[in-house]
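The coordinates are shown first, and the discussion follows.

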Amino acid sequence: MSAFWLVTIALGLAILGFVVGRGRALSHAGGDSRDLHSLPNYYGWNVALTSLVPALGILVLWALVQPLVINNSISGNIPDTLVPEGSTLSLVMSDVRRVADGLDLAVAEGALSAEDAQSMRTEFTNVRDRLAEVGVALGSNVTAGTLAAAQDYRSATYTGNILRTFFVLGAALAGFAYAFMSTHKELRARNLVEAGVKVLLVTAASIAILTTIGIILSLIFNTVQFFRIYPASEFFLSLTWSPSFGGGSELGIWPLLWGTLYISLIALAVAVPIGLFAAVYLSEYASPSVRAFAKPLLEVLAGIPTIVYGLFALLTVGPLLLSVFGRDGVGIMQAGTAVMTAGLVMGMMLIPFVSSLSDDIINAVPQAMRDGSYGLGATKSETIKQVILPAALPGIVGAVLLAASRAIGETMIVVLGAGAAARLSLNPFDAMTTVTAKIVSQLTGDADFASPEALVAFALGMTLFIITLGLNVLALYIVRKYREQYE
Amino acid sequence: MTDATLDTGGERRASHGSLTAQDERTKRRNRAEARFKAYGIAAISAGLFFLCVLLVSIITNGLTAFQQTFIEVEVFLDPEVLDKNGNRDPDDLRKVSTFGYNPLINQAVFDKINSFDLDSPIEDPKQMRNLVSASAAATLRDSVLEDPELIGQTLTYQLLASSRVDGYLKGRVSRESIAEDKNITVEDLDLVDQMVEAGIIAKSFNWSFITGADASESRPEQAGIGVSMLGSLFMMFVVLALSLPIGVAASIYLEEFAPQNRFTDFIEVNISNLAAVPSIVFGILGLAVFIQFMHLPQSAPLVGGLVLTLMTLPTIIISTRASLKAVPPSIRDAALGVGASKMQSVFHHVLPLAMPGILTGTIIGLAQALGETAPLLLIGMVGYIATNYPEGVASGFMDPNSAIPAQIYQWATRADPAFYERAWGGIIILLVFLMTMNIIAILLRRRFERRW
């Protein structure tokens with residue numbers, strides 16, 4: 001039974017449970033709700049939650065555990081002789097899964113009967129051709145071992161799904177029966193429901209932890225796999241990036257890191273002065289009406305999706321720069337996509353980020369410090385330069401670091417605006433590429449997930465994750481440590 | 001400053017002729033003041049200038065996508081070609097591919113030109129294919145398959161002009177730019193000029209851009225954003241259905257129930273870190289967990305929605321906590337005072353009062369998710385041509401689709417510049433959606449915001 005129907009049945013059971021649970025409690029109390037321990041609805045909720053929540057919990061757990069168990073048991077059964085030279089077990093497993101998915105599709109479309117799919121032998125049937133008929137393209141011919149493993153895989157999945165149906169429905173019915181039978185007028189239904197709801201609240205809050213764990217595990221797991229088939233020293237020390245899916249690629253991270261840092265540097269060089277001066281002007285000089293008009297307009301820049309900036313870089317800023325610095329002008333720019341293009345546009349995007357963060361910090365400097373400075377005869381700009389900015393400095397540094405982490409993690413602008421060539425160059429009008437852009441290019445398309453060229457994206461992702469996380473933590477630390485505490 | 005007065009004190013005092021005249025130093029300080037202020041104004045103007053340039057280039061480049069060039073011709077649906085057996089059997093009709101229809105269209109355009117007595121060196125009706133979109137034959141074929149009785153009649157069709165002709169009318173293609181182009185010649189353009197004057201070719205509003213499906217690389221004139229809009233819509237359903245309840249539940253726990261301990265601290269650190277993780281990393285997570293590990297279908301709006309949910313959760317949690325915090329403690333105390341349990345005070349009193357703020361935050365989070373592109377690239381919502389409408393609700397969630405920003409990205413990376421106009425047009429549509437959502441959020445805040 002599909003997950004959709006299981007959820008529907010469990011939901012139906014829960015609604016039924018609410019009605020009958022409430023009814024049973026009331027009838028126990030002889031129809032007088034004053035004799036009940038809790039309000040009547042709580043008895044209904046009790047039955048509904050007890051039948052629904054464990055069932056859904058099992059369903060979710062099952063979705064996570066079943067692939068693990070099946071993968072392990074099938075790959076344990078694959079003999080080493082089946083793994084061809086130069087290939088890995090995980091490659092064979094992805095073949096097995098593809099064949100199994102193909103067989104599923106063939107059965108679903110009626111091209112094969114369920115029995116035929118399980119009894120098929122490579123000696124008698126060309127599996128590749130049969131699957132091609134239903135639109136499943138396989139890269140190579142299916143060996144007998146792969147087919148057998150795929151058939152095992154299918155039967156294990158089938159058994160797993162039957163067990164899942166059994167356990168989920170069993171949990172729903174058992175919860176329903178237990179809660180229904182225990183319903184009587186003395187039952188402390190409110191306390192039970194509130195305890196249950198609290199568990200749900202804690203679970204929801206823990207999803208943040210689960211997401212972090214998911215990110216870290218998926219990065220680490222694939223990065224380790226990458227370093228198993230590609231030497232880590234090359235990745236960290238090589239100065240060349242030239243992936244080729246045919247093999248023999250050099251995957252050094254330095255050209256990408258350099259591109260990332262260069263573009264971020266240009267972006268910050270645009271965003272920090274403009275953002276900072278804008279924040280100072282808005283908080284110290286601007287009249288309330290100017291502030292009410294300019295601040296939201298600047299923040300519109302932050303609300304525009306990055307794909308828009310990417311297109312703007314590719315189609316407007318790039319050609320514009322090319323007409324000035326290109327062959328007809330200064331002659332140092334080869335194509336519209338370059339470090340400068342991406343950096344300028346990214347700087348535009350970061351202006352409101354710097355300005356609104358600094359604005360908040362400048363506003364937090366107490367008025368008494370300004371008044372003191374004016375009282376000593378300082379002008380407004382002297383007050384800002386010598387009193388307000390030093391007081392706000394830790395916060396401003398924090399804001400700049402956060403902006404830097406945004407710039408480093410930015411993807412769409414560099415994918416569209418920075419070009420694709422990985423090179424170490426000092427010319428800001430050269431096309432370069434970044435960590436994020438290469439993650440996208442290595443993981444899109446029909447890449448084989450077990451090849452080093454695709455897996456390198458996870459190592460790049462790991463690098464990116466660590467750098468941005470480090471910058472964020474540093475920013476928080478600086479803000480906390482050096483913040484002046486005012487009354 | 002004290003040093004300065006000490007050093008030059010005597011001299012300065014001597015130079016003070018009058019209180020009404022400013023001395024050198026005051027003038028210098030005032031100049032510095034004016035300069036500093038000017039920097040601020042320049043910075044603000046630069047920011048606003050960037051915004052204006054961005055909006056102007058979006059609008060000037062994108063508005064043309066909402067107009068499309070059509071050719072109005074009378075096509076004779078020749079029974080000799082379309083139905084050789086003469087029995088109008090749908091199976092026989094289906095055997096005639098679009099190649100069978102092309103000569104009819106070319107002939108029709110050619111006849112139309114001759115009927116207007118236009119002066120053109122083109123003798124061969126076949127060359128008319130430069131003017132008409134490759135999709136025109138499919139349009140004709142579909143209408144014939146729908147109603148076989150049309151065969152033998154002469155009908156008036158509004159056929160899509162080819163993308164070069166469309167570009168010429170919109171100023172994207174010029175006589176110089178087509179020197180290397182095999183798809184159109186200068187004679188064709190001369191002819192187009194005359195056809196425009198005769199009223200055969202005209203631009204009209206392009207509904208199929210808003211409702212239609214993406215088209216293959218070779219026919220940009222046919223590409224529309226409708227199907228990927230549906231993809232985005234299904235994704236937003238998933239995001240809303242998951243992130244609102246989970247986000248609200250997590251915020252209620254952290255704001256109202258969580259004890260001050262390590263576990264709570266750990267959750268809070270996680271949430272603030274997740275808010276700063278680059279979106280592409282969420283794409284990697286989606287690829288590794290949902291597609292590689294759980295084997296959910298690639299390119300499906302369900303997976304896209306799940307990834308975007310994880311990405312928007314921190315935003316929603318942060319704004320929800322702020323609006324829960326804004327509800328004054330007296331409300332809670334009053335509820336507890338009349339005998340409500342802690343849970344009742346939260347769900348019956350605090351939550352309803354915080355609801356407008358929560359909804360505002362959710363809408364802003366949804367708007368952010370709607371415009372996000374990078375994670376969608378990794379879970380395969382590009383490279384797929386969104387040509388089919390989903391057949392129902394279930395297939396809407398599970399079948400491969402694209403999303404508005406992913407579709408824009410795809411058009412931006414195609415070789416034919418005619419797709420750029422579509423990409424800008426797509427951006428206008430995306431921004432209209434975002435603006436609407438933000439305006440709703442602002443109105444909600446204005447209407448329901450309470451100051452305690």
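This is a predicted model: local features need pLDDT of at least 70, side-chain atom pairs count only at pLDDT 80 or more; totals for chains, interfaces and linings use all residues.

## Overall form of chain B

The secondary structure of chain B comprises 19 helices and three strands. Its C-alpha trace spans about 100 × 80 × 40 Å along the principal axes, and its radius of gyration is 32 Å, whereas a compact globule of 452 residues would have a value near 22 Å. Buried residues make up 42% of the 452 residues in the chain.

Chain B is divided into domain 1, residues 68-204, and domain 2, residues 226-448. Taken over C-alpha atoms, the centres of domain 1 of chain B and domain 2 of chain B are separated by 46 Å.

## Domains of chain A

For chain A the domain assignment gives domain 1 as residues 3-229 and domain 2 as residues 250-482, and 43 Å separate the centres of these two domains when taken over C-alpha atoms. The contact between them takes eleven residues from domain 1 of chain A and ten residues from domain 2 of chain A.

On the side of domain 1 of chain A that touches domain 2 of chain A, the helices α3 (89-108) and α7 (189-229) of chain A each supply at least two residues. The largest share of that side, seven residues, comes from α7(A).

## Nonpolar cores

The largest nonpolar core contains 212 residues, of which A:Leu311, A:Val345, A:Val354 and A:Ala403 touch the most other members. Helix α9 of chain A, residues 254-285, provides the largest share of this core, with 18 residues. Leaving aside neighbours within four places in sequence, A:Ala403 is in contact with A:Leu268, A:Ala271, A:Leu350, A:Phe353 and A:Val354.

A second, separate core has 31 residues, and B:Tyr101, B:Val132, B:Leu160 and B:Leu169 are included in it.

Methods:
Residues are numbered from 1 along each chain as its sequence is written. Chains are lettered from A and ligands numbered from 1 in the order in which they are written. A nonpolar core is a set of buried Ala, Val, Leu, Ile, Met, Phe, Trp, Tyr and Cys residues joined through C-beta atoms within 7 Å. A residue is buried if 20 or more other C-beta atoms lie within 10 Å of its own, exposed if 12 or fewer, and partly exposed in between; C-beta atoms are placed from the backbone. Helices (H or I, at least four residues) and strands (E, at least two) are DSSP runs, numbered from the N terminus. Two residues are in contact if their C-beta atoms, placed from the backbone, lie within 7 Å. The radius of gyration is taken over C-alpha atoms; the globule rule is 2.2 Å times the number of residues to the power 0.38. Domain bounds come from an automatic or database domain assignment.
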